[in-house]
Amino acid sequence: MFVMLGILSAVASAYAEAPQVTWPSGWEVEALTQEDAGNKVSRQRAVKNDQSGTPVMVMELTMTQVESGHKVNVQGVLLEMRKAVQKHFFQSGYQSVCNKIHPATLSRLSALETTCTITQNGRHVLSQTLVGAVDADNAYVLSYAGQAEAYKESQEEIEAIRNSLKL
């Protein structure tokens, strides 16, 4: 009995450590937990669709357990992610310009952030923001992207989601 209680407590505390996000109504939510090279990775993704069911915004929060003593270079991670975003859009026929990586917050943590504006034939079509932070045990990346108008119109929802994070 005591062994079973101990196991249940360990399982409950492992799940309690997963980030909590308050998603606005109307967003379709998907949560995934996986092992990545022995580290626990928690991913949550939500999609906002327009009235016809077409996705107009997507937001994803990823938490990766950090090995004890490992120092995460958040700026380096964001630079690599930004390069990958720009390369992907370029290969798809888009141009992208990203602002300088700058300080931000993610829940209670100091973070770094960058936003990319994606254009096609000079017309702004998409925006994507990448936010990275780290604490003693975990690294977090919040990424959100959307069609230009939906991204602009969703700023209050985005801020509410960011402010609701419990990391």
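Guide: Two strands count as paired if DSSP finds at least two bridges between them, and strands (E, at least two residues) and helices (H or I, at least four) are DSSP runs, numbered from the N terminus. The model you see is predicted, so local features need pLDDT of at least 70 and side-chain atom pairs count only at pLDDT 80 or more, while totals for chains, interfaces and linings use all residues. Residues are numbered from 1 along each chain as its sequence is written, and side-chain values use heavy atoms, with hydrogens and water left out.

Visitor: Thanks! How many bridges join β3 to β8?

Guide: Nine, and the two strands run antiparallel.

Visitor: What makes β8 "mostly covered"?

Guide: Nine of its ten residues are buried. Buried means under 20% relative accessible area, exposed means over 50%, and partly exposed lies in between (1.4 Å probe, protein chains only).

Visitor: Which residues have the most contacts inside the largest nonpolar core?

Guide: Met-59, Leu-106 and Leu-142, in a core of 23 residues. Two or more residues each come from β3 (55–65), β6 (109–120), β7 (123–134), β8 (138–147), α3 (148–153) and α4 (155–164). The largest share, five residues, is from β3. Apart from this core lies another, of eleven residues, including Val-74, Val-85, Leu-112 and Val-125.

Visitor: Which residues does Met-59 touch?

Guide: Among them are Trp-23, Trp-27, Leu-142, Ile-158 and Ile-161, leaving out residues up to four places away in sequence. Contact here means heavy atoms within 4.5 Å.

Visitor: How do you know that the buried residues of α4 line one face?

Guide: Those residues are Ile-158, Ile-161, Arg-162 and Ser-164. Down the helix axis they fall within an arc of 165°, so they line one face of α4; the arc is that of the directions from the axis to the C-beta atoms. On the other side, Glu-156 and Asn-163 are exposed.

Visitor: What is the nearest side chain of opposite charge to Arg-82?

Guide: Glu-80, 9.6 Å away. Lys and Arg count as positive, Asp and Glu as negative, with His and the chain ends not counted. A salt bridge needs a side-chain nitrogen of Lys or Arg within 4 Å of a carboxyl oxygen of Asp or Glu, and Arg-82, though buried, has none. Arg-82 is in helix α2, and its contacts beyond four places in sequence include Cys-98, Thr-114 and Leu-130.

Visitor: Is Val-77 buried, exposed or partly exposed, and what makes it so?

Guide: Val-77, also in α2 (residues 74–91), has a relative accessible area of 36%, so it is partly exposed.

Terms used
Core = buried A, V, L, I, M, F, W, Y, C linked by side-chain atoms within 4.5 Å.
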